[in-house]
Amino acid sequence: MSSNTDFALAIEDLTVSFDGFKAVDNLSLYVDKNELRVVIGPNGAGKTTLLDLICGKTRSTSGSIKFKNKELSTLSEHQIVHAGVGRKFQTPSIYENLSVYDNLEVSYPKGRNVFGALTFKRTPEVDARINEVANDIFLGDFLEMEAALLSHGQKQWLEIGMLLIQDPELLMLDEPVAGMSVKERELTAELLNRISKGRSVLVIEHDMEFVARIAHKVTVLHQGKILAEGNMETVQNNPDVIEVYLGH
Ligand code: ADP
Ligand code: MG
């Protein structure tokens, strides 16, 4: 028997109501450490709202979100990042006019000195870490390139790198392969499989071929509720899932 405290992320009875409309409705979801969970479901199912709730962008109406047994739903967005949660939005938010290197450098976690001011120094250690992350995200040969000149897929990877450099224990990605080429999707699958080791990853995605490559377990959301959950095969063969999502 495992208890709910064994999970990295334990969401229980989570609800958010927008003027009476429940975008997430009494949802319970548990994600393990080292697990890569994919959330699928039709447009408007509440997938993005779920990530907004976890990262503190949206406040829940009721329920609890525990990460490593720490309640997140009362924390600020900044405190949630500090608790080890990183989130990538659908559109990449990188600094277009900075180089790949500088984008990674500005994302490197900064220390605070005794006066509360942010301090940052480029040390050999920081430089090594930037190079390591750049290689991880297939941008090792593009460090000096201005981010604006990267392909759409490379921009997505850069934003993943900007999160990775902070070494989050829970990484959340909203439709990371939208607009990517076939080759970029393959590389992204390889990247996500690699980075799910040692942390938890929560991915929202529509591309079922991609989902099959990365998912340990799949959760299907529909009207703010869980319609089905399990491995890819179980979910794909579920008649309710076929009816509301996969069938069209
Ligand atoms: P998905 O990402 O699964 O496509 P969303 O989470 O973006 O769905 O949206 C779920 C539902 O909640 C939609 O009907 C959307 O219009 C509604 N919604 C999301 N955010 C808000 C908000 N801040 N105010 C009102 N309605 C919202
Ligand atoms: Mg969405």
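Let's start with charge. The chain carries 25 positive and 35 negative side chains. Lys and Arg count as positive, Asp and Glu as negative, with His and the chain ends not counted. The centres of the two sets lie 4 Å apart, each charge being placed at NZ of Lys, CZ of Arg, CG of Asp or CD of Glu.

A word on the source. This is a predicted model, where local features need pLDDT of at least 70, side-chain atom pairs count only at pLDDT 80 or more, and totals for chains, interfaces and linings use all residues. Residues are numbered from 1 along each chain as its sequence is written, chains are lettered from A and ligands numbered from 1 in written order, and side-chain values use heavy atoms, without hydrogens and water.

Next, the overall form. Along its principal axes, the C-alpha trace spans about 55 × 45 × 40 Å.

Now the inside. Of the 248 residues, 48% are buried, meaning under 20% relative accessible area (1.4 Å probe, protein chains only). The largest nonpolar core has 46 residues. Such a core is a set of buried Ala, Val, Leu, Ile, Met, Phe, Trp, Tyr and Cys residues joined through side-chain atoms within 4.5 Å. I40, L104 and L158 have the most contacts inside this core; contact means heavy atoms within 4.5 Å. Helix α5, residues 152–164, gives the most to this core, six residues. Helices here are DSSP runs of H or I, at least four residues, numbered from the N terminus.

What does L158 touch? Its partners include I94, V100, L104 and I137, not counting residues up to four places away in sequence. Apart from this core lies another, of 29 residues, among them L9, I11, L72 and I80.

Conventions: Buried means under 20% relative accessible area, exposed over 50%, partly exposed in between (1.4 Å probe, protein chains only). Helices (H or I, at least four residues) and strands (E, at least two) are DSSP runs, numbered from the N terminus.
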